[in-house]
Amino acid sequence: MKYEDFIVASLGKSGVLSPLKQIQRSESPVGTFVDDDERILYDVSLENFIKCKESGVKPVSFEKAGPKENIYFEPAKTKVGIVTCGGLCPGLNNVIRSLVNELYYRYGINRVLGFKYGFEGLISKYNHPIVELTPQMVSNIHLIGGTILGSSRGDQDVEKMVDTLEIMNINVLFCIGGDGTLKGAHRIYKEIEKRKLKICIAGIPKTIDNDIDLIQKSFGFETAFSIANDIIRNSHNEAAGAYNGIALVKLMGRDSGFIAASAALSIQEVNFVLIPEISFDLYGQRGFLKILKKRLEERHHAVVVVAEGAGQEFFEQSGSEKDASGNIKHKDIGVYLKEKISEEFNSKGFMHSIKYIDPSYIIRSSPANANDSKFCNLLAQNAVHGALAGKTDFVIGFWNNQFTLMPISTVIAKRKIIDVKGELWWNVLEATGQPILMKNP
């Protein structure tokens, strides 16, 4: 990574006095405006500071998000679109509501359209309705889960999507979604750039798995592992209530095990955490089934949490099929493990009782909790500030407790995963007492 990788594109000079500045003239000043040269360091260690100082290399940093004194778009002439894509996630409605309220009440923009069912809403052949979003319409949507705009997966014709933006005179498009959505948003930006249009593309990262690179926290993640905490607690009761009882809980985590790891740390009743980042053996001397049996012989109950993307190496032709979003279609590791545990223990005459729980769809369609709701609001506010200042092809990030603007292309270059030699995974091993599960040599 280098400094130049984090320069955010701009539509041009910001020559319009921000309505927020005008508000400050008539009221007591609250907060401060952010200059374009204010940045947040990627690495705040003393070691990196000394290294950069001695070498003369400009340290990697992110543009700080926040309101600008001058903006690019004239609010009275500005028309905004909002789209939500991909799977459901707690907080989607919160983001929509906060975008509408920030645009309407703070910037005086009252032409805000919601495109239904993801990027399909930008393609005329689907004939999806377009929703006019007002503060009155969105006033209570944060109290319910899901998204009032609906969602969808899959690529759409980028030229036709930009045609729609042109025809409808959209000046700003907010794309709320995960890795696939951001890739789609970047493709839209490239087509806009090719046509030399002045349309802003702003990304708001939505991933319940918390797996978007260079973003320390994404909305919905905290709600997800908080709900998982309650489910694991009750699952533990199920396991402890039976002789050699096993509660097997499958949580979301296609490529990254952050939900499983964080849920295990939050409840500390979990004995085994299986994540996509670590391959494990079933039958060897240090295999999962042998160690699970030992745990049951000693304590007579066990709680196992498995992320959906774990153990895919056990399936033939794993990774060959993809879903509409281009993600690898994973086999059901939860059902597989349940079958293998029962098969192994039954063959040895080892008495046990196993309960399999998959709460994935319940979790992802839940409303955001209080802290996530607050976080959604701040993401939306900062996305509006950046977009109206003429920044484009950016995603709102969060780093070192600061909101940032980052180029979409840099963020989507790779997925964020758990560093299995890092502090988070070490904390999980300490909390669970789980030994290192290894493949046969």
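**Salt bridges in close-up**

**View 1. Asp230 and Arg233 in helix α6.** Because they are three residues apart in helix α6 (residues 221–240), Asp230 and Arg233 are separated by about one helical turn; helices here are DSSP runs of H or I with at least four residues, numbered from the N terminus. The two side chains form a salt bridge, with the closest N and O atoms 3.0 Å apart, the term requiring a side-chain nitrogen of Lys or Arg within 4 Å of a carboxyl oxygen of Asp or Glu. Asp230, at 40% relative accessibility, is partly exposed, as is Arg233 at 37% (buried means under 20% relative accessible area, exposed over 50%, partly exposed in between, with a 1.4 Å probe and protein chains only). This is a predicted model, in which local features need pLDDT of at least 70, side-chain atom pairs count only at pLDDT 80 or more, and totals for chains, interfaces and linings use all residues. Residues are numbered from 1 along each chain as its sequence is written, and side-chain values use heavy atoms, leaving out hydrogens and water.

**View 2. Arg415 and Asp179.** A salt bridge of 3.6 Å, N to O, joins the side chains of Arg415 and Asp179. This pair links distant parts of the chain, 236 residues apart, with Arg415 in the loop between α12 (408–411) and α13 (423–432) and Asp179 in helix α5 (residues 179–195). Arg415 is partly exposed at 25%, whereas Asp179 counts as buried at 14%.

**View 3. A salt-bridge network.** Salt bridges link Asp163, Glu166, Glu191, Lys194 and Arg195 in a network. The whole structure holds 25 salt bridges.

Methods: Helix = DSSP H or I, 4+ residues; strand = E, 2+ residues; numbered from the N terminus.
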